[in-house]
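Trainee: I would like to learn how to read a model like this one. Where do we begin?

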Amino acid sequence: MDWALIVANLPLLLRGTLTTIELALVAFVSGTALGLAITAGRTLGGRDANLLLGFVVDVVRGSPLLVQLLVIYLGASAIGLSLGPFTAAVLGLSINAAAYLSEIFRGGIGSVTHGQTEAGLSIGLTPTQVLGEVVLPQSLPVIVPAMMGFFIGLLKDTSLAYVLGLLELTRVGKNVMDRTFQPFEMLLVVAAIYFLLCFPLAQLVRVTDARMRARGLAQAHV
Amino acid sequence: MSILLEYAEVFAAGLALTLLIAMSASFGGALVGLLTAIARMSRLTPVRWLAAGYVDVIRNTPGLVQLFLIYLGLPVIGIRFSPLMALIVALTINNSAYLAEVFRAGLQAVPKGQLEAAASIALTRRATFVEVVAPHMLRAMYPALTNQFIQTVLFSSIGTVVGVEELTQVTLILESRTYRTVELLTVLTALYVVLTFALAAGSRWLGAQLEKGYR
Amino acid sequence: MQSRWASNLLVLILAVAITYGLMKYMPPGGSAGNAPAAPQSTLDRVVATKTLRFGIPIGDLPVAIRDEKGQVVGLVPDIAAEMAKALKVNLEIVETTAPNRIPFLQAGKIDASIGTITLERAKSVGFAGVWVVDGTTMAVLAVSGIKDYDGLKTKTIAAVTGATGDLVASKHFPNAKILRFDQPVTAIQAVLQKQADAVSDDISTLYLAAEKNKALKVLPPLTREPSGVMVPLGDQKWINWVNYFLDDFYGSGVSTCGCGKEVLRKWLKGEPQPLRFNY
C-alpha cells in the first residue's frame, strides 16, 4: 500500500470532489425549483396537466439515471445543441431530481389534513394561496427531512456522471489509479471521501427528522 | 425505424440478463439484509456496532464506487470476479444495506399487542413467528421490498462500465456499430419504462392477491 | 382502486403510443439522417470561433492520458496543438470515448478526431489523410504461455467498445467471449488482473503498455490499419485543409514545424511505420 502516491494525487482528488459538490448543489437547487413547478402544475392545473406531468414524472422515475444522462449528452446533439459533460450532467440530474422531489412534495402535501385546504378556501383564499401559504408550510416537517435524504442520494448519484467523462470524484479517482496502478487504495480513498461527505449529512437528517416530527405533531393539534 | 425488431434478440438478451441480475441481487440482498437486521438487534454490542457500521458505510458510498472496488480493487488482494459476478455481488451488498433498514422497520412494526395475544393463547415461538409476526412484517415491508427490486432493475445499468452485457450495455454496443444513437437511446428508455411499469403493476396485483388472505 | 388501474393503463398506453410515434417519425440514423453537408464548412467555423475542438479518447498512451497535473498529454494532443497553431486558433481538447467520436462529429460537437479508416465508418464521417499507421494486435500475460492466436479461439478477450480492436476480435474470434469496456486501460487491466486472457487493441498502445508492464507479452500484429483524421462527412473544404496540413507537418515543413516524424518517434518510442506503403 503505497500511500505516498495517494497523497501526491490528493489535489486532483480534491478538485474532483469540488466538482461533485458543485454538481450536486446546482442540480438540487434546479431540481427543487422544477419539482415545485411540477407539483404546483399537478395540484392546481387540472386533470389533464396532472396526467401529462404525471406521465413525464413516471417516465423519468421509470428509467435509470445513467441512461438519462446518456440521452441528454448524446441526444442533445440531435436537436442541434452541443453540451459539455458538466452541463449535460446538471441537466440530467436536475430533471431526475425534479421528478423525485415532486413526488416528495406531493407526499408532503398529502400528509396535511384536507380540512386545512377546505378552511383556506372557505375564507376566500385562492387555490394557489392555499397551496403556497397554508398547505406547503405545514408539510415541511415531512418534506424537509425527505429532501435532505434525497440530497445525500444526489451526492452519490453524481458518480454516474463518470460515463460522461466528467471529472467528478469517481472519474478522477479512476484516472489516477489507471496511472498509478493502485486500484484498491485509490478506491478506498474515493469511497472514504464520499462517506465523509454523506455520513454527517445522514446524521443531520436523523436529528432534523426527530426535531421536525416533534414540531409537526404539535402543529397537527391546531 | 423498427430498430427494436431488427435487433430483437439483442435487446431480449440484454433484458433477460438485467432481470437475472436484479433477481439474484434482490434475493441475495434480502438474505444478507435480514441477517444484518438481526445482527443490529443483537445483545452483543460489537455485533450491533459492526452491523450498524456496515449499513452506514454501504448507504453513504456510491454503488458505482462499490462496483469498481469489487471488480478492480479486490484482485489486488487476490479475489477475482467476472464482470457479471462483480456486478451481482456489488448490487447484493448495496441492496443488503437498504433492506436491512427495511427489515428492521418491519420487525418493529409488529404491534406488541399481537405478540402478547399470541403468548396468551400459548403459541410456540415458532408458531408466533410464522403465523403472527411474519405476515405483519411482510405486509408492512411489501411496498418497500418491491420498490427496492424495481430500483435494482434500474441500477443494474451501471454494469455497463465493467462490460456486463445487460440492457444498457448491449444498446451501447449496438450504437458503436450502427451509430443510430437517437433511435437506440429512445428504445432503451422505452424498454426500461415499460419494464418498470409492468413490474409495478405486477407487484400491485400480487399485493392485492396476498391481501385477500387477510381481509 | 378502479381509477388507479385506469390511469395506469392510460399512462402505459400513452407510453407505448408516444414511443411508436417517435419511432415512426424520427429520421433513420438519428442525427446522421439530417443532411450532413453543413452550409458552413468546419474550416470556416473553426476560424470564426477561433477554436479548434479536437475530440480525443483519453485513456492510454500513445494517444493521450492525463498527467499528474491533470493536463492532457500525448501524441494526438501534440498534433492537435500544431494544427491549432497553423490555424492561428485556440485548441480545445474534448474528451470523447471511442464510441462517441462519430456521433460527436455528426453533431458538430467536435471539429476533428482520429480513428482507423474503415469503410463502414466512412459512410458516417469523412477521413482526411493518414497521420499514423497502426494496427490491431493482442497482448496476453507472459506467464500464460499463449504464443499464438490459435490458443485464443475460445478464451476471453477484452477490448474497447466499438474500437477496431473490438471489431477485429469480434470478426476473427466469433467463439471467444468478448468483454467490452469504454477505455483501453480498463481492458488492459482485465488481462493483468487475470479477468481476461487477452486484450485486443492498437499495436502502439499495447507495445507501450508491455514496455511499462513486463508481465504483458504482445502477439504478432493481426492487421495493419491506417489511422486518419476524422472529420464531418462531406466537408471537402475542411478535408482539403487537413490534408495539406498533414503533408506539411510530416513532410515539407513550409507552414508548420515539419516535425511530424519526430513527434511520432517521441511518443511511439520507436521508428514509426511509413505512412504510405504497398500492402
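Mentor: Begin with contacts: two residues are in contact if their C-beta atoms, placed from the backbone, lie within 7 Å. In chain A, take the contacts between residues at least 6 apart in sequence: 77% of them join residues at least 24 apart. This is a predicted model: local features need pLDDT of at least 70, side-chain atom pairs count only at pLDDT 80 or more, and totals for chains, interfaces and linings use all residues. Residues are numbered from 1 along each chain as its sequence is written, while chains are lettered from A and ligands numbered from 1 in the order in which they are written.

Trainee: How many helices and strands are in chain A?

Mentor: Helices (H or I, at least four residues) and strands (E, at least two) are DSSP runs, numbered from the N terminus. Chain A has nine helices and zero strands. Its C-alpha trace spans about 70 × 45 × 20 Å along the principal axes.

Trainee: How many residues does each chain give to the contact between chains A and B?

Mentor: Chain B gives 28 residues and chain A gives 27 residues. On chain B, α3 (45–59), α4 (63–73), α7 (125–155) and α9 (181–212) each supply at least two residues. α9(B) gives the most, with nine residues.

Trainee: Which domains does chain C have?

Mentor: Domain bounds come from an automatic or database domain assignment. For chain C it gives domain 1 (40–134 + 225–268) and domain 2 (135–223). Their C-alpha centres lie 26 Å apart. The contact takes 12 residues from domain 1 of chain C and 17 residues from domain 2 of chain C.
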